[in-house]
Amino acid sequence: MKNFKVLLTLFLLFIVSCSESMKSNSSTNYLEPSTPLILISIDGFRWDYFNKTDTPNFDRIINNGIQAEGLKTVYPSKTFPNHISIITGNYPSNHGIISNYFYDPSFDEYYYIGAGSVAAQDGKWIQAEPIWVTVEKQLKRAMIMFWPMSDAEIEGIRPSEYYVYSDSPTNISRMEQLLKWLDLEGTNRPTFLASYFSIVDTIGHRYGPNSQEVVDSIKDVDDAIGHLLDGLDKRGLMNEVNLVIVSDHGMVDTPADQIINIADYINLDDVVTIGGGPFMEIRPNGNDIETIYQQLQNIEHTQVYKKDDFPAKFNYSNNDRIEPIIFIANEGWSIQKPGRNPSPGSHGYDPDYKSMDGIFIARGPAFKENFKGPVIQNIHLYEMMCSLMNINPAQNDGSLDETKVFLKQN
Ligand code: AMP
Ligand code: ZN
Ligand code: ZN
């Protein structure tokens, strides 16, 4: 019996370690790597969070590198659409990940995110080329410890090394993994490395952007970045790699008394609703789009649009995954079904609200030093990153010209 228990424990440990272990790709004839590029995302790190507390390690990047006034998100200002725009250079209607949660009529399936999501690990959902596929196709290695959809096979290609998404590994261990990958030699060494922190977003939702808890989470991430910088220093790599740190969107207070109850305006039996909070998409059960649209007209703190009339500035219309009616709330307001309350902080609003801006800071041989530049749109980073790694970009909506102001040679 005792032996059985020991065996069972070992078996369970094996299962847990498998689910969090690194996955590797098969052998290809890789070329010599280019100057490595490290891309890190800090989910939900609003453009002005650096002003909330001392961030000595972020300062090591900003003072020796560049800082944009902000990073403009794409609509909707949610995690997956923006992470996928950053690594494909496409607007969501062109890369297909139009929200964190949506319906595809041809698959007759819903896309959803989170640790354990099957859809988020399935490459059939993405309609543009991620940068790690661009890199691997050109026979350089990509190694990623968490980035939305980096654990999916896309066009038959995966990063040379990657992890299936999990919330549990510590922030420091993620940076430690990047350093270990940089220790690889010759054609085993990666050209593109990426990682991701979720803590600042999670805490921002739970306690609101003005909480002490958010300040603490900023300090946590600053410590992890310090670990990465110390590791680069120790290896003599500080000026041999380009390091880019971004976030996907900002965060705003969403008070519990700023709610629009959708059931006050339409009969929920007549529609399918998708999402909630900063926006809700609506699919009438019959064909009566007009009636539902009229019922949602002139409601304070909201705007309603038919898909085809959604303002052009959002670049959000030509995809079957977008529903016929888009109902959006003004900053800080939440569209909810009865009995649902917003969390203290949220995002997903019109990217024109400054509170939705993320960050773009960087340092390394390609970047100017001690340079502050303008807000740029996140769709332009793909072209910039391809240029830094000396690889040819795939089709995308961005432009290299937009980021040249931050680069030494422009
Ligand atoms: P949001 O709801 O827009 O705030 O999304 C943030 C959430 O996205 C995180 O809390 C994670 O649960 C989830 N997430 C982040 N990266 C991944 C990933 N690579 N795979 C699946 N889910 C993820
Ligand atoms: Zn996010
Ligand atoms: Zn979030």
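**Ligand contacts**

Reply: In this predicted model, a polar backbone atom of Gly 114 lies 3.0 Å from a nitrogen atom of ligand 1.

Me: What makes the approach of Gly 114 to the nitrogen atom of ligand 1 a polar contact?

Reply: The cut-off for a pair of N or O atoms is 3.5 Å, and the separation for Gly 114 is 3.0 Å, so the pair qualifies as a polar contact.

Me: Which side chains have a polar atom lying 2.7 Å or 3.1 Å from an oxygen atom of ligand 1?

Reply: The side chain of Asn 100 places a polar atom 2.7 Å from an oxygen atom of ligand 1, and an N or O atom in the side chain of His 205 is 3.1 Å from an oxygen atom of the ligand; both values are within 3.5 Å, and therefore both count as polar contacts. Asn 100, Gly 114 and His 205 are also among the closest of the 13 residues that surround ligand 1.

**Salt bridges**

Me: Why is the pairing of Arg 321 and Asp 104 called a salt bridge?

Reply: The rule asks for a side-chain nitrogen of Lys or Arg within 4 Å of a carboxyl oxygen of Asp or Glu; the N to O distance between the side chains of Arg 321 and Asp 104 is 2.8 Å, so the pair meets the rule.

Me: What makes Asp 350 and Lys 313 a salt bridge, and which parts of the chain does the pair link?

Reply: The closest N and O atoms of Asp 350 and Lys 313 are 2.7 Å apart, which is within 4 Å, and the pair therefore counts as one. The two residues, 37 apart, link distant parts of the chain, with Asp 350 in the loop between strand 18 (345-346) and strand 19 (360-363), and Lys 313 in the loop between strand 15 (302-306) and strand 16 (325-329). The structure holds 18 salt bridges, and 2 are found across the interface of domain 1 and domain 2.

**The domain interface**

Me: How do you know that domain 1 and domain 2 touch, and how much area is buried between them?

Reply: The assignment gives domain 1 (24-252 + 352-406) and domain 2 (259-342), and 25 residues of domain 1 have heavy atoms within 4.5 Å of 22 residues of domain 2, so the two are in contact. About 1900 Å² is buried between the domains, with carbon and sulfur atoms giving 54%; on the side of domain 1, Tyr 75, Ser 93 and Ile 98 lose the most area to domain 2, together 36% of what that side buries.

Terms used:
Residues numbered from 1 in each chain as written. Chains lettered and ligands numbered in written order. Predicted model: local features only at pLDDT ≥ 70, side-chain atom pairs only at ≥ 80, totals over all residues. Heavy atoms only, no water. Domains from an automatic or database assignment. Buried area = accessible area lost by both parts, 1.4 Å probe. Near = heavy atom within 4 Å. Polar contact = N/O pair within 3.5 Å; in protein donor to acceptor, adjacent residues only side chain to side chain. Helix = DSSP H or I, 4+ residues; strand = E, 2+ residues; numbered from the N terminus.
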